[in-house]
Amino acid sequence: MCVLDLRALTSFTDYFIICSGSNQRQIQAVSDEVGRRLKKEGRAPLSVEGYDNAEWILADYGDFIVHVFSEHARQYYDLERLWRQAKTVEVLAE
């Protein structure tokens, strides 16, 4: 998982959370779990795209956007390279 701080680079969001799954079910399960946990915190996505295809699920929460990619799609779109000017945020394990 990678978290990029975009606050100095763009106005449409503050952070990208980027992760991968190895198959369609796992990608959907990751997206579902993120949604469940955030719902408990009172957060709901503004929009979710790509869930049925599950090659790249994008969940927009306003201040942050969660990207759950297949491994192939993550390499292809390479958001880490595209947003390479962004600071990487250290993530603490639960």
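Which residues does Tyr61 touch, not counting residues up to four places away in sequence? Keep that in mind while we look around.

First, some ground rules. You are looking at a predicted model, where local features need pLDDT of at least 70, side-chain atom pairs count only at pLDDT 80 or more, and totals for chains, interfaces and linings use all residues. Residue numbers start from 1 along each chain as its sequence is written, and side-chain values use heavy atoms, leaving out hydrogens and water.

**Stop one: the sheet.** Six strands form an open sheet with mixed pairing, in the order E3-E4-E5-E2-E1-E6. Select 47-49 (E3) and 87-89 (E6): these strands stand at the edges with a single partner strand each, so one side of each has no neighbour in the sheet. Strands here are DSSP runs of E, at least two residues, and helices are runs of H or I, at least four, numbered from the N terminus; two strands pair if DSSP finds at least two bridges between them.

**Stop two: E2 and E5.** Now pick 15-21 and 64-70, which run parallel and are joined by seven bridges. Ser20 has Phe69 in E5 as its bridge partner.

**Stop three: Tyr61.** Look in the loop between E4 and E5. Tyr61 counts as buried, at 6% relative accessibility (buried is under 20% relative accessible area, exposed over 50%, partly exposed in between, with a 1.4 Å probe and protein chains only). Back to the opening question: Tyr61 touches Val34, Gly35, Leu38, Arg43, Ala44, Pro45, Leu46 and Val66, where contact means heavy atoms within 4.5 Å. Select Gly35 too: its C-alpha lies 10.0 Å from that of Tyr61, and the two residues are 26 apart along the chain.
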